[in-house]
Structures are given as structure tokens and as C-alpha cells.
Amino acid sequence: MRLDPRPGERIDRSEPIRFTFEGKLVEGFAGDTIGSALYAGGRRVFSRSFKYHRPRGLLCCSGACPNCMMEVDGVPNVRVCVAPAHEGAVVKAQNVRGSLERDLMAATDKFGGPFTPVGFYYRTMIRPRAAWPLFEKFLRSAAGLGTIDKHARRTGRYDVEHRHADVLVIGGGSAGLEAARAAAASGEHVVVVDENAPRGDAPGGLELLAPATALGIYEGGLVPVAAGRILYKVRAKRIVVATGALEQPVIFPGNDLVGIVLPEAVRRLVHDFSIRPGEKAVVLAADDDALAIADDLRDAGTQVLEVVDLRNGPHRISASGTKGRLNGVGVEGVRYNCDLVVASGGRQPAYSLLAQAGATVAYDEGRGVFVPRDLPANVEAVGSVTGEGTGSIAPAKTLLGDKTFVCLCEDVTEKDVKRAIAEGFDSIELAKRYTTVTMGPCQGRLCHLASVRMYARETKQGEDAIGTTTARPPWSPVELGLLAGRPHEPGKRTSIHHRHKEAGATMMWTGSWRRPHSYGDPAAEARAVHESAGLIDVSTLGKLVVRGPEAAVFLERIYPNRFADLKPGRIRYAVLGTDGGRIMDDGTVARIDDETFYVTTTSTGAEGVIEWFEWWNAIWKLDLSIVDVTGAVAAVNLAGPQARELLGPLTDVDLAPDAFKYLDAKQGKVAGVPTLLLRIGFVGELGYELHFPSPHGETVWDALAATGATPFGLEPQRILRLEKMHVLIGQDTDSESNALEASMPWIVKFEKDEFVGKWALEHVQERGMRDRLVGFEMQNGSVPPEGGAVVRDGRLAGRVTSARFSEQLGRAIGLAWVPEELAVEDADITLRVSAGLERAKVRLRPFFDPEGERLRS
Amino acid sequence: MSLSLDFLSPALGEPAPRSPLARALARSGIRDLSLDYGVLDARGDLTGHPMEGVEVVRLSPERSFVLCPYRDAPGLREWLEGRGVAAIDASGGYAGLEVEGEAVMRRLTELPLDRCPAVGAVGHVATLVLRDGDRFRLFFRQEYADYMGERVLDALEGLA
Ligand code: FES
């Protein structure tokens with residue numbers, strides 16, 4: 001089957017290559033594709049079709065059809081006609097039960113027709129409903145392409161690489177290269193993308209990505225290019241599309257039989273791989289190039305029985321075969337016994353990338369093809385993609401005979417299309433979704449024109465009126481690994497992160513931060529805070545410096561509470577609201593000096609708060625700057641009755657209760673590090689929040705840990721703050737919550753002239769409270785789920801936002817939104833716990849240390 | 001004692017600061033710049049204040065990053081403040097590293113590398129990129145140090 005060496009062949013006969021197909025040894029040469037080596041070895045059936053499991057063989061030999069897809073080294077859906085053969089490759093057939101020659105599922109082709117008409121899965125097997133999962137499983141396993149191993153681990157490495165160029169040329173044919181050379185000659189940096197493996201070096205001055213496929217043209221001229229295991233993201237000032245034209249199959253009964261090929265397949269088999277494609281052939285073609293294929297066949301030793309020029313009027317054609325393999329073709333009633341039919345219905349411009357870029361596509365009546373028009377700025381088309389030298393012919397009249405396939409990928413027949421139209425799917429976009437024509441691996445390359453034509457004929461409209469389906473990326477199938485890229489997720493870690501890991505912390509995500517959930521025993525950690533002292537890393541808090549002559553005015557306007565009267569060295573709790581009066585974030589504000597404030601936010605709210613501040617100041621134009629120092633400053637909170645005692649030896653700051661009061665801010669050194677000390681407490685005990693430069697995170701942490709303070713994580717912190725009924729923004733509030741109903745009316749100073757959200761909160765005040773955030777105490781100790789229902793008279797009346805068992809209190813406590821009339825100390829409420837209802841008492845004052853004596857001690 | 005923004009300046013600490021990239025880049029051969037450069041976030045017009053031995057990267061007409069030797073940041077901040085330029089010592093907020101070659105940068109960023117200095121996503125993290133020939137200095141928020149260290153090493157491994 002392999003011909004004698006020929007000039008220009010791609011194979012290197014001095015370098016044999018061996019691989020296995022279904023466990024059997026296959027021999028080829030360097031330069032072979034897996035497909036060419038298999039063909040040279042005598043293989044003709046390469047796949048089984050999607051739905052009917054009909055045998056399919058090489059059709060295009062250029063990666064444009066679904067016919068040669070196999071599993072290679074565990075990767076499904078590899079088009080072996082373009083996949084380079086490599087030593088030791090393990091190649092298997094896919095979508096078969098048995099073998100490619102004897103596929104049990106081929107029974108669908110013989111007997112399944114009446115049960116599997118177009119769109120059958122929308123109508124049949126959907127009842128009884130309960131059985132659908134079973135049917136679905138069956139259908140998924142019976143039809144389709146290769147199988148993905150859902151449990152497989154990442155086996156290969158996929159990379160993404162960015163490229164910038166003056167000019168990107170998509171298509172390395174003669175027109176593309178000519179445009180590329182011209183651009184390079186004028187000094188532009190040119191990148192050429194070509195689907196074919198390069199022959200020799202790239203032409204001078206050009207950067208060649210090959211074999212590579214441009215997957216689409218996105219907004220801003222971004223072109224992703226798949227090249228093996230690298231996805232290039234190319235941005236060019238100018239894009240030249242030279243994707244050429246696509247040979248179109250001829251639609252006739254039996255047109256999917258193994259042995260019916262496009263001219264390009266013959267060109268490649270003969271010239272690239274020196275293979276005789278068949279013994280006896282008939283050529284059916286609609287353009288001169290394709291007709292000339294007869295010479296190539298003769299040159300390769302194939303006997304050409306007939307050459308039919310399809311431009312000479314519609315022909316009646318029908319092919320026949322045995323076991324799916326071609327044994328003859330009838331043309332105008334004359335039968336030719338042959339094993340090869342080279343059929344081409346002409347060439348359709350490969351305009352898809354241009355359409356994605358925004359070009360319009362119109363039907364050219366004279367040529368019988370769709371051509372691109374009105375190209376967007378910076379996108380050009382050259383060569384046959386413009387329509388130059390292309391043309392196509394209408395399908396032959398329908399004959400009785402084997403199935404006539406409009407779409408090989410999805411096994412859509414002419415009968416299916418007619419039926420879809422009869423059922424009312426009379427637009428091409430609807431038909432696409434119903435029949436799935438053009439939705440398969442060829443992405444419409446070989447079926448789009450044919451289906452539009454069929455629609456035009458059956459609905460008695462012109463092709464122009466039918467139009468085209470929307471072109472969307474990817475233009476060619478792409479491995480998911482390539483889209484996924486490298487497995488990295490940008491995660492933020494505090495400068496103390498590694499100390500937590502070393503101490504055995506279980507880490508969790510909070511927003512984009514990694515934080516310790518706990519160090520193994522949340523209850524013991526909470527106990528340590530109550531009994532001695534605990535240490536928590538709060539570096540994740542957002543931190544801003546608001547500074548300038550009008551900084552106080554700004555804070556006064558943006559927060560509902562007062563800051564103009566805050567004295568330097570003092571701290572105030574701050575709740576930030578939206579202009580609709582909803583709670584957005586919370587934190588503290590410490591006044592450094594007359595013009596400087598240090599603002600903290602929640603860990604996940606920092607970016608939103610900064611944007612909010614900047615947005616408002618863009619309107620107010622007050623004289624101040626807002627600087628985000630979140631990452632620059634590490635923070636730890638030392639809390640517990642022994643906190644003062646433990647911190648004392650490490651700092652030059654006077655910690656005496658009278659010298660350093662609750663809500664005071666002081667400055668000094670801790671463990672030799674310049675530190676801002678804030679006397680605040682989220683966890684309800686005497687506490688110091690220490691803010692210092694991040695590069696000293698481990699130094700300060702180590703010094704504090706060495707005093708015997710117990711590190712505690714987020715989970716114990718949540719228990720502790722709940723005991724104090726401290727609200728966690730985002731957990732206990734949502735986008736509808738306001739400060740009045742969230743039981744923080746004291747934070748809203750209506751007497752101020754203005755603040756963001758004032759009008760909305762006034763409205764809430766006028767209309768009265770509807771719901772209220774309250775504490776609750778379970779009566780039987782069970783812990784309700786967060787998000788669980790508050791039930792009243794059998795109906796949903798509110799929801800639980802936080803709930804934990806407090807070892808300190810010996811009971812389950814929580815926070816919940818309840819109707820205003822239930823927001824009364826000791827009121828009975830009912831909560832859903834598991835399948836049942838449990839009783840709880842409403843609490844309005846903190847569960848632990850309600851007077852705050854410990855905090856202020 | 002009145003309060004100030006000294007708690008932002010790592011160079012004022014007596015113990016040696018630690019680079020957030022130290023672990024990620026250990027034994028990698030990549031140069032860690034985190035403790036070489038101090039970073040000031042300056043608001044105001046710097047054109048009238050020539051400074052020696054520093055690099056000024058203008059982020060907007062009103063905002064610049066001033067890169068100076070790590071230990072000089074607090075002094076330089078005071079000097080600028082004395083001239084009416086609001087400056088914050090952001091040295092603790094940034095980590096920096098140096099990579100060589102366009103190839104690795106192309107795996108990390110879509111920034112046009114012929115137009116540096118630039119600010120944009122490198123490995124999906126906002127980064128200031130400075131170019132000196134074939135060497136690139138990258139400065140990014142220190143909380144991404146571990147991630148960026150891993151990301152850069154991984155990109156280099158892919159090219160190996
Ligand atoms: S024969 Fe391989 S894609 Fe068509």
C-alpha cells in the first residue's frame with residue numbers, strides 16, 4: 001500500500017516508529033500521523049458514528065471531520081489523521097461495544113431507526129420520571145464520543161503563554177504567507193498560525209506557530225491559539241484571516257460509507273505519506289482543483305473509473321456498500337464497482353473566525369457559498385476565505401437507497417431535517433438546537449452549508465433568507481486541560497501563615513485569604529481565651545489610612561455615626577452603610593492625629609470599602625488621600641484576662657487600666673517592632689489588637705506565643721463573639737439588612753446633617769421595624785442549623801444566622817432574624833432543627849458579660 | 001505619646017524583617033527583592049523634588065511609587081512630607097522578585113513587555129513590572145508572596 005519514495009513526502013523512511021492499536025503492533029515512519037500509519041497498514045474503518053454506530057473511515061484527512069477520532073494515550077477524541085505518530089503510543093477505538101469491525105451497538109442502525117428519530121430524547125424515555133436517570137445513563141453510554149475518565153488525575157502539563165504582535169496571520173497557505181511576508185518586510189512583528197506541521201524553518205522574519213489552531217477571535221482582538229499543550233493568547237494590532245476554504249461533501253444516499261473521501265484526503269495520503277488511497281476510484285467534483293485529483297490517483301496507481309463534473313447539472317448519485325464499506329457508486333443510473341469515491345461539492349470559505357470577529361456573512365448566489373462582508377476594523381481577510389476561487393453546487397436529487405447524511409458528526413440525516421421542519425423547527429437556529437446539526441466536532445465545517453441548503457429547498461426560500469447559525473468559539477475542539485491552564489489559585493496568606501501551619505492549624509478560605517479554622521480543639525481554644533489568654537492572627541482585616549485636612553469631614557459623611565468629635569488616640573466602632581441604608585461592612589476607626597485616621601474593615605470587605613470610599617470622594621472631592629495598607633500591616637489580637645500581664649514585658653507602652661483604657665489607641669514597640677496598639681475586643685475579654693509591619697509578623701507572633709498565650713482560630717472566635725452577641729457582617733446580615741433592624745440603632749446619628757444612607761434609614765424609622773436581629777438561647781441544647789427557619793404558626797417567620805454551643809455558658813446560643821413583635825426579652829420562638837421544631841428564648845443582651853466588665857477591665 | 005504612622009515602617013523595627021518570599025524562593029536561585037527595596041506610596045507632584053538613588057514610578061498624575069533602599073524608606077517619607085508630598089511607607093506591603101527572560105514573563109502575563117514599567121496582572125496578581133534589558137523586577141502585595149513564588153517557579157519549570 002505504501003508507494004515507493006516520492007519527492008516531497010513528509011515521512012522519513014529511515015526512522016521507523018512503532019505503536020499499538022487495540023493492542024496490536026502498528027509500524028510507520030517519523031512524519032506519519034497515527035491515521036496515515038494505520039491506513040498504510042490496511043485499516044479502513046477508523047470510528048463508529050455518534051448515534052447509529054455506523055462504520056466510518058478517513059474522510060478529510062485534515063482534522064476537519066469526526067471520522068477518525070480515537071483514544072490516544074488515554075486522551076479521547078484525538079483526530080488521528082493529524083495526530084503525529086509517536087513511538088510507543090497506545091491507540092484505541094472509542095464509542096464501540098466490541099471492536100470497530102463488530103460493534104454491538106450497530107444494531108441501532110438496523111433496528112433503532114423508528115425509536116430514535118430526530119430529537120427523540122426530548123420526547124421518549126422521559127416517563128416515568130423516576131426512570132429518566134436510568135435512561136439518561138443508558139443514552140449517554142450508548143451515544144457519543146470518547147469517554148473521559150472522571151477520576152483521572154492531571155497527567156500532563158498545560159501552559160498558557162501570551163504573545164503580542166503587530167500582525168497575526170491565521171493560516172499559512174499561499175495567501176496567508178504572502179500577507180505575512182509583506183507585513184514583515186515593512187518592519188512589523190508578524191506571527192503566523194498554521195494548522196499544518198511546518199515544513200522546514202519558518203520563512204525569514206516571521207514567527208510561526210505550527211501545528212496550531214486559532215480557536216476564535218474575541219473582543220479586543222484576543223486570539224487564543226491551541227498548539228499542543230500550550231495555549232497562546234495572542235493580541236495583535238492587525239489580524240489577517242487566511243483560513244482558506246473548506247471542501248464540502250456531496251450529499252447523496254450512502255454518502256457516509258467508508259471509502260468516500262474528500263479530495264484533500266487523497267492529496268495528503270498520496271503526497272505527504274506516499275500511500276495509494278484505493279484500487280478503483282470514481283471522482284465526483286464541482287471544481288477544477290478537485291477534478292484534477294484524478295491525476296494524483298493515477299499517479300499513485302489507482303485506477304480511475306470515471307470523473308464526473310458535477311457542475312454539468314444536478315446528478316443522481318447513490319453509493320452502496322457491505323458492512324459499511326463502499327463497493328460501488330451509481331451515477332445517473334450507471335454503476336461503478338469501486339472501493340474509493342472522491343467527492344467534492346465545491347469549496348466554502350472558512351469564514352467562521354471572521355464572523356466571530358463581527359463580520360457579516362451573506363449568501364453569494366453566483367458562487368453558491370456564504371462569504372464574509374463588512375469586516376471589522378483591524379481585521380482583514382485574504383485568499384479564498386474571501387470567496388475568491390470558491391463555489392459550491394446544490395445537492396443531488398434524493399434517491400432511494402441507504403441513509404443520506406447531512407451531518408456526520410451527529411448522525412443527522414436528510415430525513416431528520418425534513419422531520420424537524422415538519423414539526424415546526426423552521427429556522428436554522430432552532431433546527432440547530434433540535435437536530436444538533438453543526439453542533440458536533442466539525443463545528444459546521446462539513447454540514448453547515450448542506451443543512452442551510454436543505455432548509456432552503458424544503459421551506460422553499462433562498463439560502464440568504466435562511467441565513468447562517470451564529471459562529472462561536474471555539475472554532476476547533478480544544479482539550480479542557482488547555483482551557484484550565486496551570487492549577488494555581490491566587491490565595492492570600494498573612495505573614496504569619498507558616499507559623500499557623502507549623503502549629504498544626506486546619507486552614508480554611510475566607511474570601512481569598514487562607515486562615516486557621518482552629519488548631520485542633522476549638523472549644524479548648526475558646527476556653528483559653530476566657531481563662532488565660534488567646535492569640536489570633538487578624539492580619540486579614542482590611543486597613544486604610546484616611547488622611548488629609550478634610551479626612552474627618554469625609555468619615556462624618558460616609559459613616560452613620562460621628563467621627564469629627566473622635567479624639568486622637570481614641571477608637572470608635574464603625575458600621576458602613578450603602579446609600580440605600582443597608583449594612584455594607586463594619587470595623588473600627590482610630591484617630592491618629594487631627595488629619596489622620598486608621599480604618600479597619602472586615603477581612604472580605606476591604607476591597608469593596610476602598611472602592612466605596614474612592615467612589616464617594618470622587619464626588620465630594622474632599623482634600624484627603626485614601627491608602628490601602630492591608631498587606632503592609634500585620635495584626636494579632638491578644639485577648640483574655642491575662643492579656644495585660646503577658647503583653648507587659650514585651651512592650652514599652654504603659655498598659656495600666658487607667659493609662660490605657662478600653663477604646664484607646666497607643667503607639668510603642670512590641671518585641672522591638674513599631675506597633676499601634678488598639679484596646680478593643682471582638683471576643684469579649686480584655687484585649688489588645690496589635691498592628692505592626694507585616695515583615696515582622698513572625699517575630700511578634702513568636703514573642704507573644706512564647707508568653708504562653710494560646711493560638712486560636714476562626715471557629716473559637718465565632719463562638720466567643722456569639723457569646724457577646726457581636727454581629728458578623730455578611731453572616732448575620734445580608735444585602736437587605738439595615739443598622740436599625742440589626743439592633744444597632746445607637747450607631748445611627750440622625751442629628752447629623754448628612755451621611756450616606758440617611759434618607760433611607762429615616763424611611764425605615766418612619767415605617768417602623770419589621771424584623772429584628774436578636775439573640776436566642778435554645779431550651780434543650782440542640783444547635784439549629786445556620787440558615788434554618790424561625791417558624792411561627794406553622795409558617796416561615798425568620799431565619800437563624802449564627803448558632804453554636806457555648807461551653808462557657810453550657811448552652812446553645814445564636815442570632816436570628818425574627819418579626820419585630822418577637823424581639824422582646826424572653827419571648828418564645830420556634831426553630832426548625834433537623835426534621836422537628838425546637839423552642840428557644842429571645843435574648844436582647846449579650847449572653848456573656850452583658851455589662852462588658854471583662855472587656856473594660 | 002502622640003500617635004504617628006511609624007507602625008507602617010518595617011525599617012524602624014529592631015529585629016531584622018523577614019521576607020515573605022523567603023520560603024517560596026528558598027533554594028530556587030531567584031533573586032528576592034523584598035528586603036532590598038522600600039516602597040513609598042506618594043500622593044502629590046514629585047517633579048519638583050529630585051531624589052537620588054530612588055526610582056519613581058508614576059501610577060497616575062497624582063500618585064507614584066517611590067522605590068528606595070529598604071532602610072531609607074522612613075527617612076525619605078519624612079523628607080517628602082516636609083515638602084508637602086503625602087507619603088505612606090508601604091514597604092511592608094510589597095514583595096519583590098527578579099526573573100530573567102521574556103519567555104517566562106509570557107507565561108505569566110499578558111502585559112506588553114516592551115512597554116515597561118507597567119502595572120497589570122502577573123499570574124493573576126496585580127503587579128508592578130520594571131524591565132532592565134532581559135531582567136524583570138516584579139513587585140506585588142506581600143500576601144501573594146507564597147503564591148507568586150510558586151507561580152514563577154512553576155512557569156520556569158514549564159520552560160525547562
Ligand atoms: S479524517 Fe481525520 S478529521 Fe477527517
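What follows is a walk through the interface of chain B and chain A, and then through some sheets of chain A.

A word on conventions: this is a predicted model, in which local features need pLDDT of at least 70, side-chain atom pairs count only at pLDDT 80 or more, and totals for chains, interfaces and linings use all residues. Residues are numbered from 1 along each chain as its sequence is written, chains are lettered from A and ligands numbered from 1 in the order in which they are written, and side-chain values use heavy atoms, with hydrogens and water left out.

Let's start where the two chains meet. Chain A brings 56 residues to the contact and chain B brings 51, contact meaning heavy atoms within 4.5 Å. Between them the chains bury about 4500 Å², with 54% of it on carbon and sulfur atoms. (Buried area is the accessible area, taken with a 1.4 Å probe, that two parts lose on being put together, summed over both.) On the chain B side, the residues that lose the most area to chain A are Leu3(B), Phe7(B) and Arg18(B), which together make up 19% of what that side buries.

Which elements of chain B give two or more residues to the side that touches chain A? They are strand S2 (37-43), helix H2 (73-82), strand S5 (86-89), helix H3 (102-108) and helix H4 (145-159) of chain B. Helices (H or I, at least four residues) and strands (E, at least two) are DSSP runs, numbered from the N terminus. H4(B) gives the largest share of that side, eight residues.

Now for the sheets of chain A. Strands of a sheet pair through backbone hydrogen bonds, either parallel or antiparallel; two strands count as paired if DSSP finds at least two bridges between them. One open sheet of chain A has three strands in the order S18-S19-S20, with antiparallel pairing. Strand S18 (317-322) and strand S20 (334-337) of chain A are at the edges with a single partner strand each, so one side of each has no neighbour in the sheet.

Six bridges link S18(A) and S19(A), and Thr322(A) stands opposite Arg325(A) in S19(A). Their hairpin has two residues between the strands, and Lys323(A) takes a positive phi near 50 degrees. Further along, S19(A) (residues 325-331) pairs with S20(A) over four bridges, with Val331(A) opposite Val334(A).

Strand S1 (residues 12-21) and strand S2 (residues 24-30) of chain A run antiparallel, joined by seven bridges. Arg18(A) has Glu27(A) in S2(A) as its bridge partner. This hairpin also has two residues between its strands, with Glu22(A) in the turn at a positive phi of about 50 degrees.

Finally, three strands of chain A form an open antiparallel sheet in the order S14-S22-S26. Its edge strands are S14 (245-247) and S26 (391-392) of chain A. Two bridges pair S22(A) (residues 346-349) with S26(A), and Gly346(A) has Ser392(A) as its bridge partner.
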